[in-house]
Amino acid sequence: MTTSIAIAEKITTLRQVEEKLGLRLSGDSQFFTEWMVDLPPLSEAEQTRLEQVRQNYLYQISDGSLLEETVKMVVLSPLLELAGFYQAPYRFKTEVSVDIVAQGDNDEILRGRIDILVLQGKLWIVLIESKKTTFDLELAIPQTLAYMATHPNPEQPLYGMIANGSSYLFVKTLGKQYGISDLFATRSQYLNNLSGVLRILKHLGRIITES
C-alpha cells in the first residue's frame, strides 16, 4: 500500500484529483444513479432499528463530538450489519489510515484520520475520525478518490461511502470520471436519512456481488 499512501497524502483537493489523477466529475446526470434508483424497501423492523440507532447517536453526541470508535459502535456497525455485510458472501479488508489536517478557529490546527474498509474490492467504506470536531466530508473526498484511483481495473465501477457519524455521502468512479451523491444526515428525522443510507448500501452490496 506504499503507493496508495503517497498518493493519498499528496492529493488533498479535488483540483489535484483532476490534475494529478485525471479524474473528472461527470457531467452526465445518468452517470451515478445507483444511489437513487432500484433501492430495496426496508422492513418495519429495520426502520425501527434505524430509529433506535439515530436516537443512540443523538444521545451520545449531546456531550460533544464522538471519537472514531464510538461512531463505529453506535452508527456504522449497525448500518453494516443491517446491510448484511458481516455475512457471506461479503468480506472486508482494512486499508491504512490517512491523517487529515484542517484550520480551526484562532489558527488552531485540527487533526483527524481517515480509516478505510474495502468490501469485495469494490465498495469503500471511509470513516473520518476527529478528536475535537466533526470534519466536513468534503475533506475526505479527494483522498477517497485517490485510493479508488489505484484500483488495478479502472474500467470496473467502484463505489464508496464516506461517513463521519453525523453525515454520509456516496461516490462512484468509473474510468476517468467520478460522481457524488447528495448528503445524508443522521440527525434528520423528517427525511429518514438513515433509511436512505441503508437502502443504498443494500443496493450497492447487491451490485458488487452480481458484477
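The legends below describe close-up views of one predicted protein model.

Residues are numbered from 1 along each chain as its sequence is written, and side-chain values use heavy atoms, with hydrogens and water left out. Because the model is predicted, local features need pLDDT of at least 70 and side-chain atom pairs count only at pLDDT 80 or more, while totals for chains, interfaces and linings use all residues.

**Figure 1. Overview of the fold.** The protein contains 6 helices and 9 strands; these are DSSP runs numbered from the N terminus, with helices (H or I) of at least four residues and strands (E) of at least two. Of its 211 residues, 49% are buried. Buried denotes a relative accessible area under 20%, exposed over 50%, and partly exposed in between, for a 1.4 Å probe and protein chains only. Among contacts with a separation of 6 or more, 62% join residues 24 or more positions apart, where contact means heavy atoms within 4.5 Å.

Figure 2. The structure holds 6 aromatic pairs. Rings of Phe, Tyr and Trp (its six-membered ring) pair if their centres lie within 6.5 Å; planes under 30 degrees apart count as stacked, over 60 as edge-to-face and the rest as tilted. In the pair of W35 and F184, the ring centres are 6.1 Å apart and the planes stand at 90°, so the arrangement is edge-to-face. W35 belongs to the loop between β1 (24-25) and α3 (44-61) and F184 to strand β9 (residues 184-185), so the pair ties together parts that are 149 residues apart in sequence. W35 counts as buried at 12% relative accessibility, and F184 counts as buried at 11%. The pair of F85 and Y90 is also edge-to-face, because its centres are 4.9 Å apart and its planes lie at 70°. Both F85 and Y90 are buried. One aromatic cluster is formed by W35, F170 and F184. The charged end of K172 sits over the ring of F31, 4.9 Å from the ring centre; this description requires NZ of Lys or CZ of Arg within 6 Å of the centre and within 35 degrees of the ring normal.

**Figure 3. The two sides of helix α3.** Helix α3 has 18 residues and reaches 26 Å from its first C-alpha to its last, close to the 26 Å expected at 1.5 Å a residue; the expected span is 1.5 Å times one less than the number of residues. Its buried residues are E46, L50, V53, R54, Y57, L58 and I61. They cover an arc of only 135° around the axis, which puts them on the same side of α3. That arc is taken from the directions from the helix axis to the C-beta atoms. The face turned away from the buried side carries the exposed residues E44, A45, T48 and Y59.

**Figure 4. S195 in helix α6.** S195 lies in helix α6 (residues 193-210) and is buried, with a relative accessible area of 6%. Apart from neighbours within four places in sequence, S195 is in contact with L42, Q47 and L50. The C-alpha atoms of S195 and R49 are separated by 9.8 Å, although these residues are 146 residues apart along the chain.

**Figure 5. Nonpolar cores.** A nonpolar core is a set of buried Ala, Val, Leu, Ile, Met, Phe, Trp, Tyr and Cys residues joined through side-chain atoms within 4.5 Å. The largest has 36 residues, and those with the most contacts inside it are L79, M161, Y168, F170 and L201. At least two residues of this core come from each of α3, α4 (68-82), β5 (123-130), β6 (158-163), β7 (167-174) and α6. Helix α6 gives the most, with 7 residues. Beyond neighbours within four places in sequence, M161 is in contact with L76, W124, I125, V126, Y168, L169, F170, V197 and L201. Apart from this core lies another, of 21 residues, including A140, I141, Y147 and V171. Y147 is found in helix α5 (residues 141-149) and counts as buried at 1% relative accessibility.

**Figure 6. Backbone features in loops.** The peptide bond from A88 to P89 is cis, with omega near 10°; P89 is located in the loop between α4 and β2 (92-94). D38, which is not a glycine, has a positive phi of about 60°. D38 occupies the loop between β1 and α3 and counts as exposed at 59% relative accessibility. Q120 has a positive phi near 55° and lies in the loop between β4 (109-119) and β5. At 29% relative accessibility, Q120 counts as partly exposed.
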